[in-house]
Amino acid sequence: MATDTETDGIGDTGRRQDRERTGNAVVNWMEGLSEAAYAYLLLLPAFALLTLVAFYPMLRTFVMSLRADQTRGLDPLGGFVGIENYVDILTGNARLARQFLDVGLTSSFPFVELGTPFFQQALFVTLAFAVISVVMETVIGFGQAYVLDQDFRGRRWVRVAIILPWAVPIVIQGMIFFLLFQPTVGFGSDLMQSLGIFSATPLANSRDAFIIILVADIWKSSAFMALLILAGLQSVDRSLYDVARVAGASPWQRFKLITLPLVMPALLVAMLFRTMDAMRVFGLIESTAGCTTVPSLTCLVVEAMFGGTRIYATAAAVAFGTALVIGLIIGIYLLLFRDTEGGMY
């Protein structure tokens, strides 16, 4: 008769063999997957995490946007109203907490009349800010990266000087430009006024404040673009330039036929990241001129949510509309990725 010890040993051996068979089956199943299926399998945890932290809150936001604002009682949301909040936002009938542009201005915000509904004002400001800032930062960042990609004495210190603005926190960055253009504190206001560019109080003027915020963002974020583009430049095979020189190609031809096509994937990734970040601009505006002077979509969400009147459903509608706009821009970028060298990056 087998002892208890022998029985336990046989049981452990059987369980170990079962685990080994199960493990071998899993390994065989994974080895039978195609490369694409195996890649998606590895990305599955990331997709699950993304669903948890991004898609579920977005779905909840959309559900909130389909209900009415409830300014009284304990429940901040009323009954189901469908897309009524979206219609009110687009037609200017949404009950926002306060006016976003200074109605005392005699002139309109650039290309936008003061009577335009708040959402359109904020949408225009956000899109204009994103387009102008990303284009300028891409051009300046590309130039900085192209210089840093060359061999010269002191390149290390030049890199530090270029990257340093990116290390400045947004609030500190906003306060720097706020103080710089304060009429009684900084010299920027007097200088620009003497040149006939700005008014006496630029931070209280929508046009002037918009330009100041653009300059502040370009000053900081060009370094980010330079870093990403520099990574793309340094991945280019240097022997290609040697062959091009032997063939008699000019510097412009080497840039057009070698540098630009090979760095384009990194360039598009950098532009995508910066565009998404620019579409969410809030901290720089609030710490420099304030959302009442230069509104953005994020300003609209924050003001509707915390502006003193509980209009959570309207805030959710603006937030979801902002997400849709950003998603549309991402889709456009993905089309550009697909057309780059005939493949998707």
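The model is predicted: local features require a pLDDT of at least 70, side-chain atom pairs count only at pLDDT 80 or more, and totals for chains, interfaces and linings use all residues. Residues are numbered from 1 along each chain as its sequence is written, and side-chain values use heavy atoms, with hydrogens and water left out.

**The whole chain**

Display the chain by secondary structure. It contains 13 helices and 2 strands, where helices (H or I, at least four residues) and strands (E, at least two) are DSSP runs numbered from the N terminus. Of its 345 residues, 35% count as buried; buried means under 20% relative accessible area, exposed over 50%, and partly exposed in between (1.4 Å probe, protein chains only). The chain exposes about 19900 Å², of which carbon and sulfur atoms supply 67%. Accessible areas come from the Shrake-Rupley method with a 1.4 Å probe, and for residues only the protein chains shown count as cover. Among contacts (heavy atoms within 4.5 Å) between residues at least 6 apart in sequence, 65% join residues at least 24 apart.

Select Tyr40, Leu43, Leu44, Phe47, Leu49, Leu50, Leu52, Val53, Phe55 and Met58. Together these residues form a nonpolar surface patch with about 1000 Å² of accessible area. Patches are made of residues with over 30% relative accessible area and no salt bridge; like charges are joined within 9 Å, and nonpolar side chains (Val, Leu, Ile, Met, Phe, Trp, Tyr) within 5 Å. Leucine 52 counts as exposed because its relative accessibility is 59%.

**Aromatic pairs**

Next, show the aromatic side chains. Rings of Phe, Tyr and Trp (its six-membered ring) pair if their centres lie within 6.5 Å; planes under 30 degrees apart count as stacked, over 60 as edge-to-face and the rest as tilted. By this rule there are 7 aromatic pairs. One of them is the tilted pair of phenylalanine 62 and phenylalanine 320, with 4.8 Å from centre to centre and 40° between the planes. This pair links distant parts of the chain, since phenylalanine 62 is in helix 2 and phenylalanine 320 in helix 13 (residues 312–339), 258 residues apart. Phenylalanine 62 is partly exposed at 32% relative accessibility, whereas phenylalanine 320 is buried at 15%.

Then select Phe142, Tyr146, Trp252 and Phe255, which ring pairs link into a cluster. From Tyr146, move to threonine 259, whose contacts beyond four places in sequence are Tyr146, Leu233, Tyr241 and Arg254. Threonine 259 lies in helix 10 (residues 251–279) and is buried, at 1% relative accessibility.

For a charge over a ring, select lysine 220 and tryptophan 166: the lysine lies over the face of the tryptophan, 5.1 Å from the ring centre. The criterion is NZ of Lys or CZ of Arg within 6 Å of the ring centre and within 35 degrees of the ring normal.

**Salt bridges**

A salt bridge is a side-chain nitrogen of Lys or Arg within 4 Å of a carboxyl oxygen of Asp or Glu. The structure holds 7 salt bridges. Select arginine 274 and glutamate 137, whose side chains meet at 2.7 Å, N to O. Arginine 274 lies in helix 10 and glutamate 137 in helix 4 (residues 118–148), so the pair ties together parts 137 residues apart in sequence. Both residues are buried.

Turn to arginine 245 and aspartate 242, bridged with their closest N and O atoms 3.1 Å apart. Both lie in helix 9 (residues 239–246), 3 residues apart, about one turn of the helix. Arginine 245 is partly exposed at 47% relative accessibility, and aspartate 242 is partly exposed at 44%. Next, select Glu137, Asp217, Arg274, Asp277 and Arg280, which salt bridges with shared partners join into one network.

**The loop at proline 76**

Finish at proline 76, in the loop between strand 1 (67–69) and strand 2 (77–80). Proline 76 is partly exposed, at 23% relative accessibility. Its C-alpha atom is separated by 6.7 Å from that of tyrosine 312, 236 residues away along the chain. Leaving out residues up to four places away in sequence, proline 76 touches Ala68, Asp69, Gln70, Arg310 and Tyr312.
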